[in-house]
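Please keep the sequence and the coordinates open while reading.

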Amino acid sequence: MKLFLLLLGLIVFSVALTLWKAARHERLSEEHWPPEGEFLTIGGHRVHYVLRGSGPDLVLIHGASGNTRDFTFAMVDRLAERYRVIVFDRPGLGYTDRINRIGATLRQQADLLVRAATELGAERPLVFGHSYGGSVALAWAVHHPERLSGLTLSAAASNPWSTGLGTYYTVLSHPIGQSLVIPALTAWVPDRVVDDTIDSVFLPDMAPEGYHTHIGAGLTLRRVSMRANAMQRAKLLEEIKAQVPRYGEIAVPVEIIHGDADETVPLRVHSIPLSQQIAGANLTVLDGIGHMPHHAVPEATDAAIDRTTSRAGLR
C-alpha cells in the first residue's frame, strides 16, 4: 500500500510539474515572440494578421507548424514595396484561434481566411500559398473562385502520396498523444530542437542568418499549436484526395514554383501533376532548391507572384 501511494504521489508530482513547465514555456515564448500584427474576429474566432504596403492585394498563407513570422522575416518587406500584403496565421497556429479540436479542414481554413481578407477590403486578392499553405490556397481557389484574382503556389502539397503519416504525427494526432505526449513535449523539449528541424526542412539549402531567432520556435511548441498542427496534418491526405478532382475548375492565372531537391513535398508527386491538372498553369522548376524557395531564391518567388499579377491584369 505504501509503495502504491508513493508511486501515485510521484505520478501526480510529475504531471503537475510537466503542466507547470509547459505553461511556463508557453508564457515565456509569447513574451519573447508577441503578436506582430492586429486581430479580427470572424465567426467568433480571433484571427491574427499582418498588413503592410500598398498596391494590388496579396494574401500569403504559411505552411505546417508555421506562423506569420516565416514571411515577415524578409518576404513581406520586399513585396510591400508594390503590393498591399496581408499575412494570416492559420487556425491554431501563431495567434489565430483554433476552429475546432478535430483539425480544421482545408475548406474551413480557406473559408475563414476568405472572410478575414474580405473584412480587410481584399475582395479578390492574389493568393500565395507555401507547402501546407498551398493546399489551403488551392481550397480557396476551388471553393471561392470569385474571391481571388490569381494563385501562386510554392512547394505546395497538392496531390496524393503513398508514404504513411509517420510516427510523429500518428502519435500526436491520437487522443493519448494529444493529452499526454504533447504537454510533455511542450514542457521538456528545448527550442533548439525546433531549430534543428527547421534546418532539415531547408536542406539542401540553409536557413538565412537570423531566421531561427525571428521565427519563434517556442510558439510552435505550445500545446494549442502542436495539437492543431497534428490534427490538420493527419487529415491532409484524405482532404487532398477529395480536392484533386476539382482542380480543373480553377480558372484564374496560376503560377507554380517548386525546387527539384525538395524532399519534404516532392516535385514529381505534387507540382508536376498539378501543372497538368489546371489549364494554363505555369510550372517553374528550381534547380537544386529545397522546400523553402521564398528564402533560398527570393527573386524567383517574387517573380512568380509578379507573373501572376500581370496575367491577372493587375499590373
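This is a predicted model: local features need pLDDT of at least 70, side-chain atom pairs count only at pLDDT 80 or more; totals for chains, interfaces and linings use all residues.

Residues are numbered from 1 along each chain as its sequence is written, and side-chain values use heavy atoms, with hydrogens and water left out.

**The sheet**

- Eight strands form an open sheet with mixed pairing, in the order β1-β2-β4-β3-β5-β6-β7-β8.
- The edge strands are β1 (38-42) and β8 (282-286), and each pairs on one side only.
- From one strand to the next, the twist averages 20 degrees.
- Strands here are DSSP runs of E with at least two residues, helices are runs of H or I with at least four, and both are numbered from the N terminus.
- Two strands count as paired if DSSP finds at least two bridges between them.
- Strands of a sheet pair through backbone hydrogen bonds, either parallel or antiparallel.
- Strands β2 (residues 45-52) and β4 (residues 84-88) run antiparallel and are joined by four bridges.
- R52 has V85 in β4 as its bridge partner.
- Strands β5 and β6 run parallel, with five bridges between them.
- H130 has S154 in β6 as its bridge partner.

**Burial of β6**

- Buried means under 20% relative accessible area, exposed means over 50%, and partly exposed lies in between (1.4 Å probe, protein chains only).
- Five of the five residues of β6 are buried, so the strand is largely enclosed by the rest of the structure.
- Both faces of β6 are covered. G150, T152 and S154 are buried on one side, and L151 and L153 are buried on the other.

**Helices across the sheet**

- Helix α4 (residues 106-119) lies across β1, β2, β3 (57-61) and β4. Helix α4 runs at about 120 degrees to β1.
- Helix α14 (residues 298-311) lies across β3, β5 (126-130), β6 (150-154), β7 (254-259) and β8. Helix α14 runs at about 165 degrees to β7.
- Axes are lines fitted to C-alpha atoms, for helices over the stretch in contact (heavy atoms within 4.5 Å). Angles run from 0 to 180 degrees between N-to-C directions.

**L58 in strand β3**

- L58 sits in strand β3 and is buried, at 1% relative accessibility.
- Which residues does L58 contact, leaving aside its neighbours within four places in sequence? They are L79, Y83, R84, V85, I86, L126, F128 and I305.
- L58 and L79 are 21 residues apart in sequence, and their C-alpha atoms are 8.9 Å apart.

**Salt bridges**

- A salt bridge needs a side-chain nitrogen of Lys or Arg within 4 Å of a carboxyl oxygen of Asp or Glu. The count by this rule is twelve.
- R223 pairs with E26, with the closest N and O atoms 2.7 Å apart. R223 lies in helix α11 (residues 223-243) and E26 in helix α1, so the pair ties together parts that are 197 residues apart in sequence.
- R223 is buried at 18% relative accessibility, and E26 is buried at 14%.
- E30 and R222 also meet in a salt bridge, at 3.0 Å from N to O. E30 lies in helix α1 and R222 in the loop between α10 (217-220) and α11, so this pair ties together parts that are 192 residues apart in sequence.
- E30 is partly exposed, with a relative accessible area of 33%, whereas R222 is buried at 4%.
- R84 bridges to D57, with the closest N and O atoms 2.9 Å apart. The pair links R84 in strand β4 to D57 in strand β3, 27 residues apart.
- R84 is partly exposed at 21% relative accessibility, and D57 is buried at 17%.
- E255, R307 and R311 are linked in a network of salt bridges.

**Surface patch**

- L3, L6, L7 and L10 form a nonpolar surface patch, with about 400 Å² of accessible area together.
- Patches take residues with over 30% relative accessible area and no salt bridge; like charges are joined within 9 Å, and nonpolar side chains (Val, Leu, Ile, Met, Phe, Trp, Tyr) within 5 Å.
- Accessible areas come from the Shrake-Rupley method with a 1.4 Å probe, and for residues only the protein chains shown count as cover.
- L3 belongs to helix α1 (residues 2-32) and is exposed, with a relative accessible area of 59%.
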